[in-house]
Amino acid sequence: RLDLPGGIERAVVNVVNLFAGKGHQVTLIILDDTDKLFYPVSPAVNIIQQPLSFGITPEGNTFSRKIRLLSDVLRLRKILKPLKADIIISSEYPFTVAAVLAGAKKYSRLFSWEHHHHAWLEKNKFWTTLYNNACKRLDGIICLNKKEACHYENFCPVHIIPNFIENKTGKLSSCDGKQILSIGWLIPRKGIDLMLATAKIVLTKHPDWTWKLIGDGEMKQLVLDFIDEENLKDRFILQPPVNDSIETEYLSSSLFVLSSRFEAFPMVLLEAMSYGVPCISFDCSSGPADIITENIDGLLIEKENVENLSTGISSLIANEQKRREMGLSASKNVQRFSPDVVYKAWENNIIDT
């Protein structure tokens, strides 16, 4: 679904708009019960919306869900076949399996686009078997970094194409405001509990600073309780995502903090750096280290080490000159993930092959 303010949703819409802007005929198929979009899609893009679950639903039983899978595969075939697309890019593993079962390889080149960290995305035995078999029949798998690509090399050709970002206004943070910013789903994978433990230390040590967290999710009440219990009202601020335009938040912030346990290629780091905001992130097994250059445009902290994360944040709070230098470096270094650069990777690996 594309009505949510997530990194995958943004990456999909970015690429769809990029391809359309380069003159390609693009169809976006939304296999969900809503055609609402959080991020704006170019009017040049043809949108088809058809709710298909492929049996991944709590309703029914094992037998009825398999029947649903088959019936939805047939429905997908009716969508894909008339399009006669040169290339089909699937953004989730059920869609990849369904596209193979629907016979898409007969008339299109078929690629799976892997957005998730491999270790986090759990599949049951049935779907693991289906997906592994489907991968062997693909024209390729698209991964966001080298570490993720290693998991798929035995199936078919793997192409490494990162996400991209664009600061359309060119405005940069001055890095002199006393606000820390974080953006993400309020779920355990994003390390929200680790963020709160870090914020308690940092905001106690630096009472003139605030920390804004933009997000929503299952841990919302935990965050609200933390604010009340630690008496941090107006200092640790929880703000729901309202729309896709949060430029003012980046421009008002001097540091961006990511506390995730798992990532593949976090879009929020790209976006923060594009506005000249230095980033501090846990060094997850993949993702942040592909974006942040240690001690040049940000800091990489030992995974899940709250003490080290709070120390890293405090070191940059205390050194405004260092923040500014890192911010400028960030705005320059992130250009390697500009739309034109990343489009070349798509062109060289997928479109023109």
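A: Leaving aside neighbours within four places in sequence, Asp-297 is in contact (heavy atoms within 4.5 Å) with Met-273, Pro-278, Cys-279, Ile-291, Ile-292, Met-326, Ser-329, Ala-330 and Asn-333. Please keep in mind that this is a predicted model, in which local features need pLDDT of at least 70 and side-chain atom pairs count only at pLDDT 80 or more, while totals for chains, interfaces and linings use all residues. Residues are numbered from 1 along each chain as its sequence is written, and side-chain values use heavy atoms, with hydrogens and water left out.

Q: And where does Asp-297 sit in the fold?

A: Asp-297 is placed in the loop between strand S11 (279–282) and strand S12 (298–301); helices (H or I, at least four residues) and strands (E, at least two) are DSSP runs, numbered from the N terminus.

Q: Is Asp-297 buried or exposed?

A: Asp-297 is buried, its relative accessible area being 0%, where buried means under 20% relative accessible area, exposed over 50%, and partly exposed in between (1.4 Å probe, protein chains only).

Q: What about Gly-23, buried or exposed?

A: Gly-23 is exposed, with a relative accessible area of 66%, and belongs to the loop between H1 and strand S1 (27–30). The C-alpha atoms of Gly-23 and Lys-84 are separated by 17 Å, the two residues being 61 apart along the chain.

Q: Switching to charges, how many salt bridges does a search of the whole structure find?

A: The search finds 14 salt bridges, each being a side-chain nitrogen of Lys or Arg within 4 Å of a carboxyl oxygen of Asp or Glu.

Q: Which residues are linked in a network of them?

A: Arg-68, Asp-72 and Arg-75 are linked in a network of salt bridges. Arg-68 pairs with Asp-72, their closest N and O atoms being 3.1 Å apart, and the side chain of Asp-72 also meets that of Arg-75 at 3.6 Å, N to O.

Q: How are those spaced in the helix?

A: Arg-68 and Asp-72 both lie in helix H2 (residues 62–83), four residues apart, about one turn of the helix, and Asp-72 and Arg-75 are three residues apart in H2, again about one turn.

Q: Which of them are buried, and which partly exposed?

A: Asp-72 counts as buried at 0% relative accessibility, whereas Arg-68 is partly exposed at 32% and Arg-75 is partly exposed at 41%.

Q: What does Lys-105 pair with?

A: The side chain of Lys-105 forms a salt bridge with that of Asp-139 (2.8 Å, N to O). Asp-139 lies in the loop between helix H4 (125–135) and strand S5 (140–143), and Lys-105 in the loop between helix H3 (93–101) and strand S4 (109–113), so the pair ties together parts that are 34 residues apart in sequence. Asp-139 counts as partly exposed at 24% relative accessibility, and Lys-105 likewise counts as partly exposed at 35%.

Q: On to helix packing: at what angle do H2 and H3 cross?

A: Their axes cross at roughly 75 degrees and come within 9 Å; axes are lines fitted to C-alpha atoms, for helices over the stretch in contact, and angles run from 0 to 180 degrees between N-to-C directions. H2 and H3 are therefore roughly perpendicular to each other, given that angles under 35 degrees count as roughly parallel, over 145 as roughly antiparallel, 65 to 115 as roughly perpendicular and the rest as oblique.

Q: Which residues make that contact?

A: Val-73, Leu-76, Arg-77 and Leu-80 of H2 make the contact with Ala-98, Ala-99 and Leu-101 of H3.

Q: And H6 with H7, how do they pack?

A: Helix H6 (residues 192–205) and helix H7 (residues 220–229) pack at an angle of about 10 degrees, with their axes 11 Å apart, and that makes H6 roughly parallel to H7. On the H6 side, Ile-192, Leu-196, Ala-199 and Lys-200 meet Leu-222, Val-223 and Phe-226 of H7.

Q: Last one: what do the buried residues of H12 pack against?

A: The buried residues of H12 pack against helix H1 (7–21), strand S3 (87–90), S4, S5 and strand S6 (158–160). Those buried residues are Pro-339, Val-342, Tyr-343, Ala-345, Trp-346, Glu-347, Ile-350 and Ile-351.
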